[in-house]
Amino acid sequence: MTPTAPNPAYDPNNVFARILRGEIPCHKVYENDAALAFHDITSAAPVHVLVIPRGAYTDFHDFTRRATPEEIAKFWQAVDHVVQQENLLPAGFRLITNTGPDSGQEVPHFHVHLLGGEKLGPLLSRKS
Ligand code: 5GP
């Protein structure tokens, strides 16, 4: 389940790569053979889970273009599993994926933030 050619821009020592290798601990919520879900170290909501693919993808764009259909399906199945596991429906939730410098993406391994557990605020607060 690995892509045909690695992305040379991928940093194999980013923090999520190290979590995947077991070099840094995480509070695991769910995993399957293509994805891992764990609590964000800095919670922005009562439920704040990060879901990441096991494969080496820098961001959403890289994942969508290079991952196999099976990896993509299993990744989103993992997200859906966590939604159910955390009882986020019917109240609802928010999915965020930061991509590139304008977004403020800090960790260069594709991830989605799954946020919920209370009424969430406005989507964005514009900086002045
Ligand atoms: P980004 O800004 O890249 O979308 O979000 C990266 C997220 O990773 C941040 O919300 C940050 O709190 C989280 N994070 C950074 N380092 C660690 C870590 O070592 N463990 C966990 N669980 N989360 C981390």
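A residue counts as buried when its relative accessible area is under 20%, as exposed when that area is over 50%, and as partly exposed in between (1.4 Å probe, protein chains only). This is a predicted model, in which local features need pLDDT of at least 70 and side-chain atom pairs count only at pLDDT 80 or more, while totals for chains, interfaces and linings use all residues. Residues are numbered from 1 along each chain as its sequence is written, and side-chain values use heavy atoms, with hydrogens and water left out.

**Exercise 1.** Find what share of the protein chain is buried.

Solution. Start with the 128 residues of the protein chain and apply the cut-off above: 38% count as buried.

**Exercise 2.** List the elements of the protein chain in order.

Solution. Helices (H or I, at least four residues) and strands (E, at least two) are DSSP runs, numbered from the N terminus. Counting them gives three helices and five strands. Reading from the N terminus, the order is α-β-β-β-α-α-β-β.

**Exercise 3.** Describe how strands E1 and E2 pair.

Solution. Two strands pair if DSSP finds at least two bridges between them. Strand E1 covers residues 28–31 and strand E2 residues 35–39; three bridges link them in the antiparallel sense. Next, look across the pair: Glu31 is opposite Leu36 in E2. Finally, follow the chain from E1 to E2, and you pass through a hairpin of three residues.

**Exercise 4.** Work out how far apart in sequence the contacts reach.

Solution. A contact means heavy atoms within 4.5 Å. Take the contacts between residues at least 6 apart in sequence; of these, 57% join residues at least 24 apart.
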